[in-house]
Amino acid sequence: RKTIDWRIRINYFSYLKEINDHDISATLGMEWNKRISTSEFSRYEGFPDDYILNTPGDASESVGSSYAEEQTSSIGYFARANYKYKNVNFYLGPYAAFLIGAKRKEEITTNIPLLDVVDVEALIDSSGLGGFGGLTSSFLPESGTESSEKSGRTGLRTFDFGVNVGIGYEMNNLHFNFMYSHGLLDYRDDNKGASKETLKLFRISIAYFFDLSKQETEKSPSFN
């Protein structure tokens, strides 16, 4: 599964306390999130045994594949505590999110073993068409694809809450951050007795901060 995550964040409240080399801060804010996830699966049959170490190359045939794309949009609120020692930052805090839109597109391709089941050439020969059997069989499909597209929040939980945790490093104006978000609720409205599946997200960010106040000071006119 591959996921692309877009976020726009607004901080409402910030608090900072500096104690020598230690900084303690807190932030409250809101963010808009757009997430696009894609996944691909292949189905095989005819494995020589039931061992889990079998590879697709061990199978006698491929019976199909599937491709799915999911897009979701949400608005969330978060609270975050930050502890900084020298150039290292540690982040921790809860979040709550509301789903405002969802869209899913799925394509399922199934291999059709028609030529393995029906002797097309013998069937055509018996009809008196002679040698057209090989030509006709070449036009028969070997696979079929079904596509479906669904919009709306049906089947998805519209509310989620969880925990954000992360670590960062500052090197002059260059900042590196690694964040992990862990949802506490099943993202499905009804999992129909299946095992619980929550939203999990890893984020890596690199930011460069420009010191605009320093540039303005250097360009300010002098009246000496």
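**Close-ups of strands and turns**

**View 1. The β6–β7 hairpin.** Strands β6 and β7 make a hairpin with 2 residues between them, and Asn-172 in the turn has a positive phi of about 60°. Strands here are DSSP runs of E with at least two residues, numbered from the N terminus. This is a predicted model, where local features need pLDDT of at least 70 and side-chain atom pairs count only at pLDDT 80 or more, while totals for chains, interfaces and linings use all residues. Residues are numbered from 1 along each chain as its sequence is written, and side-chain values use heavy atoms, with hydrogens and water left out.

**View 2. Along β6 and β7.** Here β6 (residues 159-171) and β7 (residues 174-186) run antiparallel, joined by 10 bridges. Two strands count as paired if DSSP finds at least two bridges between them. Look for Val-165, which sits opposite Tyr-180 in β7.

**View 3. On to β8.** β7 also has 10 bridges to strand β8 (residues 198-208), and these two run antiparallel. Leu-174 faces Tyr-208 of β8 across the pair.

View 4. Asn-172 isn't a glycine, yet its phi is positive, at about 60°. With a relative accessible area of 73%, Asn-172 is exposed (exposed means over 50% relative accessible area, buried under 20%, and partly exposed in between, using a 1.4 Å probe and protein chains only).

**View 5. Asn-20 in its loop.** Asn-20 is found in the loop between β1 (2-19) and β2 (22-45). Asn-20 has a positive phi of about 55°, despite not being a glycine. Asn-20 counts as exposed because its relative accessibility is 76%.

Methods. Helix = DSSP H or I, 4+ residues; strand = E, 2+ residues; numbered from the N terminus.
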